[in-house]
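Dear colleague,

Please find below the structure for your attention. The findings follow directly after it.

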Amino acid sequence: MPNFRLTLEYDGAGFAGWQVQAGGVRSLQGELEAAIERVTGVRTRVHGAGRTDAGVHAEGQVANLTLETTLAAPALQRALNALLPPDLAVVKAEIAPDAFHARYHALGKLYRYRIWNAARPSPLRAARVWWVKPALDVAAMASAGALLLGTHDFASFQAVGSDVASTLRTLTRCDVLAVPEPQVPEPNARGEIEIRVEGSGFLRHMVRILAGTLVQVGMGRREPGSLPAVLAARDRRAAGPTAPPQGLTLVRVAYSDSA
């Protein structure tokens, strides 16, 4: 049977997360599987590269499924997009090698966390940002983020109650950038800040806890140089708050050229 690889874009606000859950709650996996069954008459399991949480968005989530169908990949993409809800779309569909698995063959992921740092809210951005009213020191946040690069035990940046074999993870990028505004309509406006985090894998809520901790640095509540001690504590209480989900987007998933 063909192994289809799908690249997905979605607005996570209306979903309880990626994974199918009991109780009939709306999930991305469930919506995709229902649409595939309507198109082909076949029930199949869709495997995602990562289980994004409720409220988290994606520009480049990757999924795969094996499916007995006469439809070519572009035709399957068109058929699914005709049935999927407006907050979920297949950006690309292609045939992958038989052994390809979206989760197990992923080499890394890039996430973006957006902050609206201004004295007033931005209604047009509200669904995609975390509004932080106090002025943030972007340089201090960037300095702190750089200390997280490399392979570390990120237990302090893991959601309470998680159960994983190892909390060792490797970050290859942790940038904090002020996004230039083409026009600032009011005096003393500050604008958007982006945190871009890339690594081989992530713990549950890890990027959102990183964002919450870096915001504390930006507010002056933590010293930039304190992050190694947070890592060394291996205790969730040592890190900052979990930033809200709407600011987080899975930008892309990396694979080898042969995957």
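Arg-208 lies in helix 4 of this predicted model. With a relative accessibility of 9%, Arg-208 counts as buried, because the cut-off for that class is under 20%. If neighbours within four places in sequence are set aside, the contacts of Arg-208 are Asp-53, Tyr-113, Pro-241, Thr-242, Ala-243, Pro-244, Pro-245 and Leu-248.

The helix that holds Arg-208 is itself mostly covered: 13 of the 13 residues of helix 4 are buried. The length of helix 4 also agrees with expectation, because its 13 residues, at 1.5 Å a residue, should span 18 Å, and its end C-alpha atoms are 18 Å apart. After helix 4 comes Gly-220, which has a positive phi, near 85°.

Helix 4 (residues 206-218) has a contact with helix 3 (residues 138-146); the two axes come within 8 Å and cross at roughly 135°. Helix 3 is therefore oblique to helix 4. The crossing of helix 3 past helix 4 is right-handed. On the side of helix 3, the residues that meet the other helix are Ala-140, Met-141, Ala-144 and Gly-145, and their counterparts in helix 4 are Leu-214, Val-215, Val-217 and Gly-218. Sorted by class, this contact of helix 3 with helix 4 comprises six nonpolar residues, two polar ones and no charged ones.

The axes of helix 1 (residues 28-40) and helix 2 (residues 73-83) cross at roughly 115° and come within 9 Å. Helix 1 likewise passes helix 2 in a right-handed crossing. Here Ala-35, Ile-36, Arg-38 and Val-39 of helix 1 meet Leu-76, Ala-79, Leu-80 and Leu-83 of helix 2. The contact of helix 1 with helix 2 is made up of seven nonpolar residues, no polar residue and one charged residue.

Finally, I turn to a residue in a strand. His-47 belongs to strand 2 (residues 47-48). His-47 and Leu-65 are separated by 18 residues in sequence, while their C-alpha atoms are 6.4 Å apart in space. Apart from neighbours within four places in sequence, His-47 is in contact with Trp-18, Val-62, Ala-63, Asn-64, His-101 and Ala-102.

With kind regards

Methods: Residues are numbered from 1 along each chain as its sequence is written. This is a predicted model: local features need pLDDT of at least 70, side-chain atom pairs count only at pLDDT 80 or more; totals for chains, interfaces and linings use all residues. Side-chain values use heavy atoms; hydrogens and water are left out. Axes are lines fitted to C-alpha atoms, for helices over the stretch in contact, and angles run from 0 to 180 degrees between N-to-C directions. Helices (H or I, at least four residues) and strands (E, at least two) are DSSP runs, numbered from the N terminus. Angles under 35 degrees count as roughly parallel, over 145 as roughly antiparallel, 65 to 115 as roughly perpendicular and the rest as oblique. A crossing is left-handed if the near helix is turned anticlockwise from the far one by less than a right angle, and right-handed if clockwise. Contact means heavy atoms within 4.5 Å. Ala, Val, Leu, Ile, Met, Phe, Trp, Tyr, Cys and Pro count as nonpolar, Asp, Glu, Lys and Arg as charged, and the others, Gly among them, as polar. The expected span of a helix is 1.5 Å times one less than its number of residues. Buried means under 20% relative accessible area, exposed over 50%, partly exposed in between (1.4 Å probe, protein chains only).
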